[in-house]
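Trainee: Please take one part of this model and go through it closely. I would like to look at the charged side chains, how they pair, and what surrounds them.

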Amino acid sequence: MTEIETERVRLRQFTMNDLDGLARIFASPQVMRFLGLDCEPMTREETATALVSIIKHWERNNFGRWAVESKTDGNLIGCAGLRSYEGAAELVYLLDEPHWGRGLATEIACACLKYGFEQHNFLSIVAFTRPGNVRSQNVLQKIGMRFVKEETAFGVFVFSYLISREDYFASDCENPNSTL
C-alpha cells in the first residue's frame with residue numbers, strides 16, 4: 001500500500017482503527033464549516049460510514065484518501081488524497097483546527113498532486129471549495145490550480161478549480177521533502 005511522507009506528516013492508508021480519531025475531527029463544527037452536504041459536524045455513525053467508503057474507494061480505484069498523521073507524535077490530524085468524481089480525480093483535504101495556518105494543507109495538497117500525476121499519470125485533477133472558504137481557495141491557488149467556474153457539485157454550489165498535468169510539471173508545487 002502506498003504511503004507518502006512529507007517534511008511534517010505521513011499519509012497512510014486508513015483502517016477501521018482510525019474511527020475514534022476521525023470521528024473526533026469530523027465532530028468539530030469549525031472543521032466541518034465548509035464541508036459535507038450541510039456543513040454540519042458528523043456523528044460517529046456517519047463517520048464510520050464515511051470511513052468504510054474511503055477504504056473501499058482504495059480497493060476499487062487503487063487511489064483514494066489517506067489518513068494524515070503528524071510525524072511529531074503519530075496522531076491523526078486529518079485526511080487528504082484523491083477521489084473519483086465523474087471520471088476525474090478530485091483533490092480533497094481537511095485538517096483538524098489546531099493544525100491550521102501552518103502551511104500543512106499546502107504541503108499535503110502538493111504531495112497528493114505529485115502522487116496523482118507521477119504515480120497515476122492523471123491528465124488533470126480537479127478540486128472544489130465553497131465560495132466562503134477563502135483559506136482553501138488560497139491553498140488551491142498556491143499549488144497551481146486555477147479557478148475554472150462556479151458550479152454545482154454533489155448538490156452544493158462550489159467554486160471549481162483544475163490543474164493539468166502540464167501545468168503541474170511547470171509549477172512550483174514540487175515538495176522536495178515528500179517521498180513515495
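Mentor: Start with E86, which is exposed at 71% relative accessibility. Keep in mind that this is a predicted model. E86 sits in the loop between β4 and β5. Its backbone is worth a look: phi is positive, about 45°, although E86 is not a glycine. A second residue belongs beside it. N121 also is not a glycine, and has a positive phi of about 55°. N121 lies in the loop between α3 and β6. Its relative accessible area is 47%, so N121 counts as partly exposed.

Now the pairs. Side chains of opposite charge can pair when their charged atoms come close. In this model the count comes to 9 salt bridges. Three of them deserve a close look.

Take K71 and E5. Their side chains meet in a salt bridge at 3.2 Å, N to O. K71 lies in the loop between β3 and β4, while E5 belongs to strand β1 (residues 4-5), so the bridge ties together parts that are 66 residues apart in sequence. How open are the two partners? K71 is partly exposed, with a relative accessible area of 33%. E5 is partly exposed too, at 28%.

Next, R8 and E107. This salt bridge spans 2.8 Å, N to O. R8 is in the loop between β1 and β2 and E107 is in helix α3, so parts 99 residues apart in sequence are tied together. The two ends differ in cover. R8 counts as partly exposed, at 28% relative accessibility. E107 is buried, because its relative accessible area is 10% and buried means under 20%.

Third, R12 and E69. Their side chains meet at 2.6 Å, N to O, in a salt bridge. R12 lies in strand β2 and E69 in strand β3, so the pair ties together parts that are 57 residues apart in sequence. Both R12 and E69 are buried. There is a wider arrangement here. Salt bridges with shared partners join E5, R10, R12, D18, E69 and K71 into one network.

D38, E40, E45 and E46 gather on the surface as a patch of negative charge. Of these, E45 lies in helix α2 (residues 44-61). E45 is exposed: its relative accessible area is 56%, and exposed means over 50%.

Finally, the nonpolar side of the picture. The largest nonpolar core has 36 residues. Which residues have the most contacts inside this core? They are L91, I108, L113, I125 and I143. Several elements each supply at least two residues of the core: strands β2 (9-12), β3 (65-70), β4 (76-85), β5 (88-95), β6 (124-129) and β8 (156-164), and helices α3 (104-119) and α4 (134-142). Helix α3 gives the most, with 10 residues.

Some of these elements have come up already. Helix α3 also holds E107, the partner of R8. Strands β2 and β3 also hold R12 and E69.

Definitions and conventions
Residues are numbered from 1 along each chain as its sequence is written. This is a predicted model: local features need pLDDT of at least 70, side-chain atom pairs count only at pLDDT 80 or more; totals for chains, interfaces and linings use all residues. Side-chain values use heavy atoms; hydrogens and water are left out. Patches are made of residues with over 30% relative accessible area and no salt bridge: like charges are joined within 9 Å, nonpolar side chains (Val, Leu, Ile, Met, Phe, Trp, Tyr) within 5 Å. Accessible areas come from the Shrake-Rupley method with a 1.4 Å probe; for residues, only the protein chains shown count as cover. A salt bridge is a side-chain nitrogen of Lys or Arg within 4 Å of a carboxyl oxygen of Asp or Glu. Lys and Arg count as positive and Asp and Glu as negative; His and the chain ends are not counted. The place of a charge is taken as NZ of Lys, CZ of Arg, CG of Asp or CD of Glu. Helices (H or I, at least four residues) and strands (E, at least two) are DSSP runs, numbered from the N terminus. Buried means under 20% relative accessible area, exposed over 50%, partly exposed in between (1.4 Å probe, protein chains only). A nonpolar core is a set of buried Ala, Val, Leu, Ile, Met, Phe, Trp, Tyr and Cys residues joined through side-chain atoms within 4.5 Å.
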